[in-house]
Amino acid sequence: MPDPGKSFTIPASAVPVADSGESSNPKPPEHGIALSLSGGGYRAMMFHAGAVIRLNECGILSKLQRISSVSGGSITAGALALAWLHLRFNGTGVADNLDELVIRPVRKLASHTIDIGSVLLGVLGPGTVADKIAHYYRKYLFGKSTLQDLPDHPRFVFNATNVQSKSLWRFSKAYMRDWRVGKVPNPKIELAIAVAASSAFPPVLSPVELDLKESDYETNSGAGLQRPPFTTQVVLTDGGVYDNLGLETVWKRYDTVLVSDAGGVYGAEEDPERDWFGHTHRVFDLIDNQVRSLRKRQVIDSFQNGSRQGCYWGIWTDIANYQLPSALNAPYQKTAVIAGTPTRLKALDSSSQEKLINWGYAVCDAALRRHFDPALPAPSAFPFPVGVG
């Protein structure tokens with residue numbers, strides 16, 4: 001593991017793509033474990049829930065310094081963040097009430113379709129589609145909790161994309177920030193709105209708009225865009241547009257990074273859709289695939305050259321590739337079916353939820369024991385008896 005107290009050259013693959021104006025000489029990462037959760041609708045929410053269960057069993061969850069998320073991953077992260085101060089961690093760092101406070105609530109949300117109704121109400125009724133999505137998050141998960149109801153430690157960061165500045169907009173308890181627009185300390189934004197912004201998949205669930213005042217910002221905290229309307233009428237879309245692994249805010253800070261990826265894999269199409277909606281959807285898929293591939297390559301290269309520690313697991317991973325004899329029984333022909341769950345906020349039946357949770361649990365376990373801590377004990381069974389199908 002790199003020693004943060006010593007200077008060393010950071011390989012190019014370990015340095016995130018920097019926005020113009022940011023430091024070209026990043027500091028070595030500090031010691032600490034961080035987790036990033038990708039997007040992917042309810043599919044991602046359930047897959048990441050399984051990973052969180054396994055991280056808790058291993059005593060790793062309680063050691064995290066930061067949880068950074070986008071889109072569907074932000075729903076899981078939001079539920080975990082809101083429950084954190086009420087989790088009962090024992091002497092080994094394992095919370096015995098995780099299922100009650102986190103897993104059951106996200107499963108309750110996953111039992112409701114909220115995207116189609118939100119689109120129709122947003123088009124035909126008052127308010128926007130994003131307003132309706134935030135309403136459902138408020139109703140089923142977060143109530144009227146704000147970012148100030150979250151713990152100071154670990155830091156939860158919910159990432160959205162600022163359509164105006166082309167940069168990442170970060171929501172956390174300590175501050176909201178876009179490095180170009182400025183920093184808003186101690187924001188009282190509702191958690192439901194922050195998660196809605198992070199998961200505002202374009203074009204149907206986007207954008208989320210924040211009405212702020214110039215006085216909300218720290219003086220001279222932005223680089224070139226700290227002025228109206230950038231500061232006062234903030235227009236946001238899904239965090240995955242900028243960083244679909246939720247990686248950047250942890251990668252720039254910590255030397256140990258765990259990456260849970262529930263994103264899609266997009267293959268070749270002989271006869272792609274040509275109508276405006278189908279064609280636009282396909283183009284978004286291609287953009288997502290390219291960004292995800294670049295981020296994933298950055299992660300794997302850095303693990304291999306030793307500039308970062310940690311591990312990566314993905315919903316499309318073949319568990320056999322870990323070559324771990326004690327891995328749970330999750331054959332690829334079954335997990336590929338689970339991975340093909342549509343990227344939507346559409347209700348999932350109980351069996352589908354449990355399979356997604358089990359798969360996230362199993363592949364997280366294999367990645368942890370193969371590449372992070374081989375001394376971790378193997379699990380005896382899946383969280384749910386259904387297995388992976």
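A residue is taken as buried when its relative accessible area is under 20%, as exposed when that area is over 50%, and as partly exposed in between, with a 1.4 Å probe and protein chains only. By this criterion, buried residues account for 54% of the 389 residues in the protein chain. The structure is a predicted model, in which local features need pLDDT of at least 70 and side-chain atom pairs count only at pLDDT 80 or more, whereas totals for chains, interfaces and linings use all residues. Residues are numbered from 1 along each chain as its sequence is written, and side-chain values use heavy atoms, with hydrogens and water left out.

The protein chain holds 10 helices and 10 strands, where helices (H or I, at least four residues) and strands (E, at least two) are DSSP runs numbered from the N terminus. With contact defined as heavy atoms within 4.5 Å, 75% of the contacts between residues at least 6 apart in sequence join residues that are at least 24 apart.

Strand pairing, which requires that DSSP finds at least two bridges between the two strands, places strand β9 beside two partners. Strand β1 (residues 30-37) runs parallel to β9 and is joined to it by 6 bridges, with S36 standing opposite V259 of β9. Strand β10 (residues 309-314) is likewise parallel to β9 and linked to it by 6 bridges, and here T256 has Q309 of β10 as its bridge partner. Because 8 of the 8 residues of β9 (residues 254-261) are buried, this strand is largely enclosed by the rest of the structure.

Antiparallel pairing is found around strand β8. Strand β3 (residues 155-162) pairs with β8 (residues 233-238) in the antiparallel sense over 3 bridges, and A160 stands opposite D238 of β8. Strand β7 (residues 208-211) is also antiparallel to β8, the two being joined by 4 bridges, among which E209 has V235 of β8 as its bridge partner.

Helix α2 (residues 72-83) packs on α6 (residues 191-198) at an angle of about 160°, with the axes 9 Å apart. The pair is therefore roughly antiparallel, in a scheme where angles under 35 degrees count as roughly parallel, over 145 as roughly antiparallel, 65 to 115 as roughly perpendicular and the rest as oblique. The contact involves S74, I75, G78 and L82 of α2 together with L191, V195 and S198 of α6. These residues divide into 4 nonpolar, 3 polar and no charged, where Ala, Val, Leu, Ile, Met, Phe, Trp, Tyr, Cys and Pro count as nonpolar, Asp, Glu, Lys and Arg as charged, and the others, Gly among them, as polar.

The axes of helix α5 (residues 129-142) and α6 come within 8 Å and cross at roughly 125°, which makes α5 oblique to α6. On the α5 side the contact is made by A130, I133, A134, Y137, R138 and F142, and on the α6 side by L191, A192, I193, V195 and A196; the residues comprise 10 nonpolar, no polar and 1 charged.

When neighbours within four places in sequence are left aside, T341 is in contact with R43, L348 and L356.

How values were computed:
Axes are lines fitted to C-alpha atoms, for helices over the stretch in contact, and angles run from 0 to 180 degrees between N-to-C directions.
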